[in-house]
Structure formats: structure tokens, C-alpha cells
Amino acid sequence: EQTRPSALIDNDQLTLWHLQDQEFRVPKGHIYLNLEAPQVTASALNFACSRIWAELMIDALNEDLYDAEVAGLHFNIYPTQTGITIHTTGLSAGQLPLLSYLMRQAQTVKFDRSRWQAVTQQLVNNWHSAHQNQPLNLLFSELNLLLQQGLYRLSDMAAACESLSYTHFSHIVANLFKPMRVTGFMHGDWQQQHAGQLAQLIQANTGSNGLNKAPIQQRIKRLQDIERAANPIAVPMQHNDKAALQYVQGASDSPREQVALMLLQQLIHQFVFDELRTRRQLGYMAGSQYFALQRLPGIIIFVQSPNVSEDDLQHQISEALELCFEHLNEMSLKAWAHSKSVLRQQLSVTDRSLRVRSQRLWGAIQLGDTQFDRADQLIRALDDWQLDDWLAYSQRLLFEQPVRLYIQTKADSG
């Protein structure tokens, strides 16, 4: 019985994965198509135009497809770091006709100028006001921008649109998908012949302007390659609160390294919260979280405060980490075994629904995990870690060879 997707087609234009789900026996399914197109993320302006195009497409199609929504068919269109993703869901019988209509419209639709102006203005307003009252969210956003290619500051996207004309927008959009390569996934109540129909539909609507075979790899920057990483990076902020974060990056995306940082986050998060929030009373938003980019593991420790300076917050975070590690060094084997057991349970969670399984499998496809066994690899790596080895590893990671980034707010005099 097939439990993992198989690649039915894999050529320069298209990679198409298919899985007829045997467990969730419902007449439903999910189709994901990622239109890998370098022009979408070529500049802040192009990425902004892609966002505007996606909003206008959804807007136009919602009017056309009201009956489809009523009939239990749904769709979404959104830009990503590699291009544009189209996702359809609902009753399996109606999705191929829905997708056929979507793809035809994507090539032929002409947007009303006044509607274009309204949507563009709304998005620009949203981008200008984003994070204004959320210092920590601004720092998280800045961290993503520093480490990942194909992302742009919302303020830069807004600025790029200030003088954008309808004609210029139309010209950019006309060239967004040249060249392009499609990665697709069909999952649910469909047989292999339906995947063949989907492949024909994609090929009929995408032409032959293919990229080379290798899909676009989202590249993650290593901290040692980022200039200024040793000094705090200051982000201007018009808000009275101060915020600071430290990001620790793992050395590789191996299962062993990934699971070591998952354990570290699990074992420090309560202590860090209690120390920064309760004992030191620095502010109501404080803590830590596991932060993986694709599969490269990391941990963020953060705090937002109404009355403590950014430099002091960084100092307090560092102190809290040192105290936390002293605490970890006294951990009993029983507590260690319990922590591993909790994490093993989290990694072993079975899919609760067709939707959750589709999301997990599509995420694996995008990360290149085409064996679909990452959770099993993580569990095996978890079982291999011994307490003394893990403590020595964590000591090196946090204090002896720290690959760490410091980001904090600063008052924006403008």
C-alpha cells in the first residue's frame, strides 16, 4: 500500500508528485502547484507586484467562482521565496476544472484600473504600518531578512510602489513567469490517471519557457558569512518599548544537530521565561523558541521591555543563558530521559487529517526530503544522544564557539 508520494513526472518543465490517500477515505483532496520563477523575487518591486497580482487574482476569481466556493471548493494564490504557489482544496471531483480555469485566467485576465489602484494602496498602507506597534515582530522579521534570500522588507516594498503606474505593473507581471518551472503535488482521492490529467493541464498552460532542471534552492546564510554579526544589529523603531534578541545557529542541518537544538529549546524555555519575565521582571514578552530555516536549526532568546535599554537587555539575556546552563549541568538522568521521551512523542505525532498530512508532505517536497522519512531520522538521532555528550555540545554551541547574532531596536529619530 502506497503511503508516500511518488514522482510521476520529473523533467525540465515539471516535477509532479502524487499520492492517493488510503487512510482518509473522503472524496476530497489538495493540489499544490509552486510556479518557480526567479523574476518574482528579483527585486522588492517585483515581489510587491507579485503580491498585488495575487490579491487581484483572488479578488477577480472570487467573483467568478462564487458557486465553486459554495460547492466546497477553495483556492489560494500567494508569492513565496521561489515564485508563486497555487493551492486548491475541497471535493476532488471539481478541482481539475477549477485549476484549469484558474490557470487560463492567470494568463488572460485584465484587471480593472480602479480596482488595481485600491488593492495597491491598501497593501502599501498595510506594509507601512506593519510592525509599528510590535518591536519584537520587527526584530523577527529582520532576522528572517538577514538569513534568507528572496525576502524583502515591507517598508522597501511599500517604497518601491510609491511611483508604480498601472502600465509599469502590467509590464512586470507580463514577464513574471519567464522562465518558470512547476513543482506540483496531488494528494487525496485521486488515481494516477487523474495526476496524468493534471500534468497535461499544467503543460498546456505553462508553455515551454522552462528553467533548468534543478529546482530553485532557497539559500540560507550562515552567520559566519554575515558582516557585523559580532556586533548588535540595530533596527530603527518608532515605539517606546525596547526589544532585543539573540539567535544561535546550528552548524549543519543534520538530524543529529537538529534534534540537539530541539532538546535545548525544550529544556531552556521555561527557565528562560521565568528568569527574564518573572524574576527580573524585564517585560511581559520574554522567552525562547526553536527557529529552523528550512532545516538549519537555531534558537531565539528574546525580550521586550518598557523601561530597560537595549544593551542592558542583551546583557540580561546572556546572563540568563549562563544561569540556565548551570541549571542544566545539574540535570538528573531521569529528567533527561523524560525530556527525550516528550520530544519523541512530539516527533511521532500521526497526521490528524488529510489537510495536515498534505501540508506535511508538501513541506517535505519543498525541502527536498523526497524519502519522506525526516521524522524517523530525527527519532533515531534523538535516541543516540547521551546526556554528557549533549551537555558538551550545548556548552560549545552557546559559549565556547558561539555562532550568534544580536539584534535590537533603536529609537528612530525620524
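Two strands are taken to pair if DSSP finds at least two bridges between them. The close-up views below are drawn from a predicted model.

**Figure 1. An open sheet of 6 strands with mixed pairing.** The strands follow the order β1-β2-β6-β3-β5-β4. Strands β1 (6-10) and β4 (73-79) stand at the edges; each has a single partner strand, so one side of each lacks a neighbour in the sheet. From one strand to the next, the twist averages 15°.

**Figure 2. The antiparallel pairing of β1 with β2.** Strand β2 comprises residues 14-20 and is joined to β1 over 4 bridges. Within this pair, Asp10 is placed opposite Thr15 of β2.

**Figure 3. Helix α3 packed on the sheet.** This helix, residues 92-108, touches β3 (28-36), β4, β5 (83-91) and β6 (181-188). The direction of α3 makes about 150° with that of β5.

**Figure 4. Helix α12 across the sheet, with Arg357.** Helix α12 lies across β2, β3 and β6 and runs at about 150° to β6. Arg357 belongs to this helix, which spans residues 354-366. Because its relative accessibility is 13%, and buried means under 20%, Arg357 counts as buried. Beyond residues up to four places away in sequence, Arg357 touches Asp21, Glu23, Phe24, His187 and Asp351.

Figure 5. With a relative accessible area of 0%, Leu147 is buried. Leaving aside neighbours within four places in sequence, its contacts are Arg219, Ile220, Lys221, Leu223, Ile226, Tyr247, Gln249, Phe291 and Leu293. For one of these contacts, Ile220, the separation from Leu147 is 73 residues in sequence and 5.6 Å in space, taken from C-alpha to C-alpha.

**Figure 6. The packing of helix α9 on helix α13.** Two packed helices are described by the angle between their axes and the distance between the axes. Here α9 (residues 255-279) and α13 (residues 374-384) pack at an angle of about 70°, and their axes are 8 Å apart. Angles of 65 to 115 degrees count as roughly perpendicular, and the two helices α9 and α13 are therefore roughly perpendicular to each other. On the α9 side, the residues in contact are Pro255, Arg256, Gln258, Val259, Met262 and Leu263. They meet Arg374, Gln377, Leu378, Ala381, Leu382 and Asp384 of α13. Sorted by class, this contact of α9 with α13 has 7 nonpolar, 2 polar and 3 charged residues.

Key: Residues numbered from 1 in each chain as written. Predicted model: local features only at pLDDT ≥ 70, side-chain atom pairs only at ≥ 80, totals over all residues. Heavy atoms only, no water. Buried < 20%, exposed > 50% of the residue type's maximum accessible area, 1.4 Å probe, protein only. Contact = heavy atoms within 4.5 Å. Axes fitted to C-alpha atoms, helices over the stretch in contact; angles between N-to-C directions. Parallel < 35°, antiparallel > 145°, perpendicular 65-115°, else oblique. Nonpolar A, V, L, I, M, F, W, Y, C, P; charged D, E, K, R; others polar.
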